[in-house]
Structures are given as structure tokens and as C-alpha cells.
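Try each one yourself before you read its solution.

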Amino acid sequence: MSLSPSVELNLALLGQREESDQPQKPVCSHCRSSEVMFSATAYWDAEKQQFVHHVVRDLIYCIECEEKHRPDWIPA
Ligand SMILES: [Zn+2]
């Protein structure tokens with residue numbers, strides 16, 4: 001399966017964050033709430049016999065704002 005450019009970008013961002021030793025957490029860039037949700041899509045990997053998820057890391061749904069915003073990543 002070929003990945004879309006946006007998925008490859010997200011995987012690159014994921015790799016950068018995993019290199020950091022600092023625990024981080026996402027907060028809403030608008031109201032600083034940590035009550036945020038990420039969107040994810042999944043496809044079925046027939047070899048692994050399990051779902052593989054791609055999380056959209058550059059956009060969150062903020063429960064406080066009830067809107068979509070960009071996340072800020074802060075020390076956890
Ligand atoms: Zn918010």
C-alpha cells in the first residue's frame with residue numbers, strides 16, 4: 001500500500017517526536033485545554049491480521065472549544 005503525502009508527513013512528525021526524551025502532551029492552541037481528540041483512519045493489514053492506524057497529528061478537536069484547532073505540544 002502506498003501512503004499519501006499527508007500520511008508520510010505525519011509519520012515524519014511522529015518520528016521526530018519519538019526522538020525526544022521529554023514527555024510531551026498536546027493541548028489546544030486556542031484555550032490550552034488538554035481535553036483534545038485526534039482523528040485517525042485505519043486500514044486492514046492482511047499480513048499482520050490487524051488494523052494499522054494513521055493518526056492525524058496536526059489537527060485536534062478541542063472539547064472545550066468544540067472546534068478544530070492546531071495542537072501545541074508542551075512538556076507533560
Ligand atoms: Zn480549545
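**Exercise 1.** In the loop between which two strands does Gln-49 lie?

*Solution.* Before we start: this is a predicted model, where local features need pLDDT of at least 70 and side-chain atom pairs count only at pLDDT 80 or more, while totals for chains, interfaces and linings use all residues. Residues are numbered from 1 along each chain as its sequence is written.
Step 1: Strands (E, at least two residues) and helices (H or I, at least four) are DSSP runs, numbered from the N terminus.
Step 2: Find Gln-49, and you land in the loop between E2 and strand E3 (50-62).
Step 3: Check the backbone: Gln-49 isn't a glycine, yet its phi is positive, about 55°.

**Exercise 2.** Decide whether Gln-49 and Arg-32 are buried or exposed.

*Solution.* Step 1: Get the cut-offs: a residue is buried with 20 or more other C-beta atoms within 10 Å of its own, exposed with 12 or fewer, and partly exposed in between, with C-beta atoms placed from the backbone.
Step 1: Gln-49 has 7 other C-beta atoms within 10 Å, so it's exposed.
Step 2: Arg-32 has 11 within 10 Å, so Arg-32 is exposed too.

**Exercise 3.** Describe the protein chain as a whole.

*Solution.* Step 1: Count the elements: 1 helix and 5 strands.
Step 1: Read them off from the N terminus: α-β-β-β-β-β.
Step 2: Look at burial: 5% of the 76 residues count as buried.
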